[in-house]
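Me: Could you walk me through how the parts of this structure meet? I'd like to go from the chains to the domains.

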Amino acid sequence: MAAGIVVTKHTKDSLGEKEMTDQPLLQFKEDISIVLCGEAGQGIQTVEHMLTQTLKLSGYHVFSTEEYMSRIRGGRNSTLVRVSSNRVSAPVDRIDLLIPFSSGGVRHVQRKISSETILLGEKKIVENEYQGDKFIPVPFSEMASEVGGPIYTNAVAAALLAGLLGVDQEVFNRYLRHYFSGKNENTIQRNLEAAKRGYAVSEDLLKSGRLQIELKKRDEVKNEILIDGVEALAMGAIAGGCNFLSFYPMSPSTAVAVYLAQVSKEFGIIVEQAEDEISAINMAIGAWYAGARGLASTSGGGFALMVEGLSLAGMIESPLVIHIGQRPGPATGLPTRTEQGELLFALHSGHGEFPRILLAPGTIEDCFYLAQKAFDLADRYQVPVFILTDQYLLESHYNIPSIDPARIRIEKQFVETKKGYKRYQLTETGLSPRGIPGFGEGLVVIDSDEHDEEGHITEDLDLREKMVNKRLKKLDLIREEMVPPELIGPDHYKTLILGWGSTYHLIREAIGRLEMEDVAFLHFKQVYPLHPDTMGYLKKAKKTVIVENNGTAQFGQVLRRQTGFNVDREILKYNGLPFSVEELADLLKSAFH
Amino acid sequence: MDIKRYDMEDTDIAWCPGCGNFAILNALKQALSELEIQPERLVVVSGIGQAAKAPHYYRCHLFNGLHGRSLPVATAIKAVHPELTVIDESGDGCMYGEGGNHFIHTIRRNPDITNLVHNNMVYGLTKGQASPTSLPGFKTPVQREGVFHETFNPLALAVSLGASLVARAFAGDTRQTKEMIKKAISHKGYALVDILQPCVTYNKWNTYQWFKENTYEMDPSHDPYDRMEAFRRASEVGKLPLGVFYLNPKPTFEEKLSVYQESKEPLYQRSLDTQKLSAWIHSKRGL
């Protein structure tokens with residue numbers, strides 16, 4: 001998997017003095033890892049976006065993810081872009097090409113710089129922080145100011161990298177025009193000029209033979225979809241019929257709301273920024289009551305405020321979809337970092353007893369399909385459904401072949417009411433037909449107090465018991481339709497690695513590097529209730545290792561409580577960052593010994 | 001419309017005999033019947049408290065939610081199904097205490113809902129603690145030396161926030177209360193009616209007699225479109241003015257929502273255009 005890099009002796013020189021050697025300084029064959037680092041507000045995301053999209057359009061598999069500080073300007077942030085001939089969907093520590101945009105950037109990623117890492121950038125930024133011999137100076141700001149100012153550094157850099165990687169300049173320019181389509185012609189022209197200069201540098205570098213990049217392009221990739229978890233989740237929600245979103249801004253969930261707001265007119269969605277999360281969840285419940293499909297999207301701290309509303313949904317048997325974009329807590333924690341820390345909170349939140357469903361997408365495709373399914377499940381079983389993502393998953397991009405909104409048929413579950421309608425009519429299954437006000441002749445009465453079949457407040461304790469049974473019984477129905485865990489690897493495994501949610505591709509790639517025949521990976525996309533096959537999978541293993549991005553192996557605890565099974569080893573990470581493939585492979589190796 | 005259309009069979013009303021809530025219930029039913037609002041087209045949202053039980057005692061669609069959280073629910077219902085008449089009915093603790101933040105921001109949002117607040121200046125359901133509207137010096141088992149917090153003035157606050165309609169009624173005057181409720185329901189936009197009512201069990205100070213002596217109906221010469229004047233009247237202490245303090249016609253929350261720009265159809269009647277979404281996803285493939 002590692003890039004094949006061939007190094008020859010060379011001396012530091014400027015671009016003008018081309019050094020011709022028989023052998024290339026660097027040669028990339030399969031998989032390149034590029035890291036862009038700089039300050040917030042410098043536009044690294046623009047470079048990331050232009051680069052990844054044009055690479056994908058050229059037939060490369062791409063993956064990118066960001067880590068950044070909680071600030072608007074300044075700080076030290078980095079973006080990883082992996083470019084490969086094969087599908088890549090997880091972060092690596094290795095840096096093949098490092099492009100620092102501000103001083104401090106090199107130091108920020110120091111730990112990951114190896115003797116093989118090549119640096120491309122400004123002398124004044126790099127020279128104080130890097131003593132190695134793999135530095136290729138590129139006067140980005142000089143080139144940008146020739147075009148019109150530092151803002152054009154982004155287009156220069158993106159074009160240079162695209163050029164190095166063999167993106168056709170015509171394709172790059174077309175994408176650039178598309179990307180800046182909202183701007184005036186002057187801005188577009190200047191960016192095109194910046195791109196021209198970036199391409200010229202890349203040509204010089206390639207001609208000099210100092211960099212050789214021989215990644216295979218794949219035609220079938222060109223037409224794939226390159227999106228991040230946010231976009232996939234938002235589109236999945238729309239596919240699930242979501243037409244109401246209420247939220248209070250909180251990283252990393254805000255981007256979902258922003259996305260839905262941007263397409264709200266297109267897809268007929270009411271998006272309301274509430275005064276607080278308490279209001280947001282009550283609005284979402286009110287929206288379901290009146291016949292819409294409401295989403296409450298937040299992070300752990302915001303969900304803490306929503307807990308009372310969750311309990312309301314449980315009592316009144318309202319469908320509800322709650323998205324929690326997890327980040328490290330407690331309290332404000334690390335606002336822009338990642339963690340799988342809210343599983344137990346989501347599972348046990350809310351006063352009183354009521355059923356719920358917890359989904360945890362592992363891939364971009366899962367973000368879409370599980371968001372869609374969440375609305376369907378919520379409506380069918382009249383229960384709250386959680387979607388647990390995290391900063392890492394939401395803000396990772398990679399290309400996927402396709403997503404198809406027609407895979408799940410969305411049917412509205414509410415009924416036209418008749419005179420004498422009873423919202424909580426006692427039935428065999430515990431499910432009562434859900435009416436909505438203004439559709440039919442009946443009255444739809446709901447109460448957060450214990451209620452009778454009509455929905456009116458009651459203190460009849462026999463009825464109370466019946467109503468508790470009615471609500472809890474729905475869990476049996478829910479158990480009939482669960483997302484099964486996915487087994488990756490041989491059926492006859494000795495060691496079983498367990499994971500849930502966003503670690504899917506990380507664990508897959510790390511296991512791939514181990515090249516061990518009797519290791520399999522079981523990934524859970526539904527973390528509550530557990531699929532009935534779960535115990536069978538666990539019992540077959542001689543040894544089990546659980547991998548979680550939290551400090552207390554929360555899913556391991558769920559497994560223990562739900563099945564009585566104790567996992568042998570835990571691999572946990574809770575410093576706010578996702579695992580890297582190399583790190584996890586090493587940890588797995590040592591867990592096997 | 002026959003007022004009996006709102007009557008429920010076999011209701012076990014939980015209020016104390018002589019409670020001001022009975023008068024408000026009566027006035028509301030009269031208002032609804034005079035406005036010919038069918039129970040099937042009426043949604044009442046309430047919170048928790050003695051006042052919040054009111055909609056259990058007349059026929060309507062009812063969402064009796066959490067303490068203090070009725071306004072966000074009412075706003076969402078109206079936004080999703082604007083053809084329905086939506087009333088939010090609860091007490092002073094629910095609306096001005098627990099739900100204070102929602103009160104502020106619902107006024108700013110301006111949904112076309114009617115907000116009826118039964119204001120008895122005391123917490124009844126929890127047995128007699130002070131409310132945000134309790135008067136200074138009001139003694140309770142908790143506020144033993146008497147309330148020393150500034151009294152919450154919902155009307156002045158609502159005027160200051162540019163509420164679309166701000167009114168006050170006294171439950172002891174059914175005719176006036178009914179008129180205020182009718183005005184509020186007929187008004188387009190958020191309409192607050194703060195309804196003074198005695199609590200016969202826990203508030204021995206602000207009694208029927210006290211309210212009679214300490215309220216007066218505003219002169220018809222009061223100009224409700226004059227915000228400064230409305231604020232001045234709403235700020236009066238001592239004898240409390242009754243009537244419409246302030247009118248501020250403006251577009252409602254629902255009217256501003258993009259979903260109703262091309263079609264007025266409530267959301268429940270709409271379906272997702274899957275082809276449109278597929279085309280949208282397809283557009284992500286490239287240029």
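Predicted model: local features only at pLDDT ≥ 70, side-chain atom pairs only at ≥ 80, totals over all residues.

**Where the parts meet**

Me: Which element gives the most to the side of chain A that touches chain B?
Reply: The contact brings together 54 residues of chain A and 45 residues of chain B. Several elements of chain A each supply at least two residues to that side, including helix H6 (169–179), helix H8 (229–239), helix H11 (277–289) and strand E18 (435–440). With eight residues, the one that gives the most is H11(A).

Me: How many nonpolar residues does that side of chain A have?
Reply: Sorted by class, the side of chain A that touches chain B has 14 polar and ten charged residues. The nonpolar residues there number 30.

Me: Now inside chain A: which element supplies the largest share of the side of domain 2 that touches domain 3?
Reply: Domain 2 of chain A spans 227–407 and domain 3 spans 415–479, and their C-alpha centres lie 25 Å apart. Their contact takes 14 residues from domain 2 and 13 residues from domain 3. On the domain 2 side, these divide into ten nonpolar, two polar and two charged. The largest share of that side, three residues, comes from H12(A).

How values were computed: Residues numbered from 1 in each chain as written. Chains lettered and ligands numbered in written order. Contact = placed C-beta atoms within 7 Å. Helix = DSSP H or I, 4+ residues; strand = E, 2+ residues; numbered from the N terminus. Nonpolar A, V, L, I, M, F, W, Y, C, P; charged D, E, K, R; others polar. Domains from an automatic or database assignment.
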